[in-house]
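Here is a friendly briefing to read alongside the model. Please keep the sequence and the 3D view open as you go.

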Amino acid sequence: MPKATNQYYEDEKAKWDSLVDAHYAQHPEKLLLRPEQDFYSYVRTDKVASAYPGTKDFFGDIRGKRLLEYGCGSGMTASLLAKAGADVTAFDISEKSVATTQLRAQLNNLPNLHAQVGVGEELPFPDASFDLAFGRAVLHHLDVDLAGPELLRVLKPGGKALFIEPLGMNPVLTYVRNHVPYPDKNPVGDDRPLTYAEINKWGAATATSITTKSISLA
């Protein structure tokens with residue numbers, strides 16, 4: 001992996017390790033799901049529906065499907081996907097995020113959720129391992145020239161991938177991202193939101209078709 005990418009990931013790892021410590025180290029009860037919660041119920045709620053647009057319809061029935069989650073963070077989405085019946089493998093650059101995801105799986109009795117440290121440019125999985133791939137706000141952290149072919153490699157023939165990303169074409173949102181505080185805002189690192197040109201580059205790197213849908217938060 002290029003030296004610049006290694007340094008970038010060292011910075012990102014430190015950032016996300018500190019966030020996990022701040023939110024969960026002293027409050028493991030936050031990792032528990034409610035009995036009625038799974039991925040389908042979660043994405044139907046008004047609070048989060050706009051953050052996961054079209055996911056349910058795109059994936060369809062995920063029961064028994066092998067699903068790879070990019071950048072799992074504390075494992076909330078991974079645990080919801082596992083509770084809905086998918087066989088979930090999740091990875092993250094942050095060792096503390098992975099440990100928290102593993103603890104979340106244990107606390108919620110989800111033996112079908114597995115988490116490990118990894119990066120999108122060098123996926124530690126065999127070829128054609130997954131039916132589905134999912135990530136939220138993660139592609140803009142990756143080197144598309146390295147990560148694009150890796151995504152294609154680990155998906156089974158006919159496999160599908162869905163990523164929900166911040167876009168970098170709106171100057172107002174860019175200003176807010178860089179300068180305006182708001183609740184639950186994560187620290188801004190060296191990453192930057194994607195442009196349409198970069199999205200198209202992902203399509204070219206994976207040698208497949210790509211469909212985009214822009215969502216307005218206004």
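This is a predicted model: local features need pLDDT of at least 70, side-chain atom pairs count only at pLDDT 80 or more; totals for chains, interfaces and linings use all residues.

Residues are numbered from 1 along each chain as its sequence is written, and side-chain values use heavy atoms, with hydrogens and water left out.

**Overall fold**

- The protein has 9 helices and 5 strands; these are DSSP runs numbered from the N terminus, with helices being H or I of at least four residues and strands E of at least two.
- Along the sequence, the elements come in the pattern α-α-α-α-β-α-β-α-β-β-α-β-α-α.
- Of the 218 residues, 41% count as buried. Here buried means under 20% relative accessible area, exposed means over 50%, and partly exposed lies in between (1.4 Å probe, protein chains only).
- Among contacts with a separation of 6 or more, 73% are between residues 24 or more positions apart, where contact means heavy atoms within 4.5 Å.

**Helix 7 and helix 9**

- The axes of helix 7 (residues 144-154) and helix 9 (residues 196-205) come within 8 Å and cross at roughly 45 degrees. That angle makes helix 7 oblique to helix 9.
- For the angle, axes are lines fitted to C-alpha atoms, for helices over the stretch in contact, and angles run from 0 to 180 degrees between N-to-C directions. Angles under 35 degrees count as roughly parallel, over 145 as roughly antiparallel, 65 to 115 as roughly perpendicular, and the rest as oblique.
- The crossing of helix 7 and helix 9 is right-handed, meaning that the near helix is turned clockwise from the far one by less than a right angle.
- On the helix 7 side, Val 144, Asp 145, Ala 147, Gly 148 and Pro 149 take part, and they meet Lys 201, Trp 202 and Ala 205 of helix 9.
- By class, this contact has 5 nonpolar, 1 polar and 2 charged residues. Ala, Val, Leu, Ile, Met, Phe, Trp, Tyr, Cys and Pro count as nonpolar, Asp, Glu, Lys and Arg as charged, and the others, Gly among them, as polar.

**Two buried residues**

- Glu 150 lies in helix 7 and is buried, with a relative accessible area of 15%.
- Not counting residues up to four places away in sequence, Glu 150 touches Gly 120, Glu 121, Glu 122 and Leu 123.
- Ser 74 sits in the loop between strand 1 (66-70) and helix 5 (76-83), and is buried at 13% relative accessible area.
- The side chains of Ser 74 and Tyr 24 form a polar contact of 3.3 Å (a pair of N or O atoms within 3.5 Å; within protein, one must be able to donate a hydrogen and the other to accept it, and residues adjacent in sequence count only if both atoms are side-chain atoms).
- Leaving aside neighbours within four places in sequence, the contacts of Ser 74 include Leu 31, Ser 97 and Arg 104.

**Positive phi in loops**

- Asn 109, in the loop between helix 6 (95-107) and strand 3 (113-117), has phi near 55 degrees, a positive value in a residue other than glycine. Asn 109 is exposed, at 63% relative accessible area.
- Ala 137, in the loop between strand 4 (130-136) and helix 7, also has phi near 55 degrees. Ala 137 counts as partly exposed, at 34% relative accessibility.
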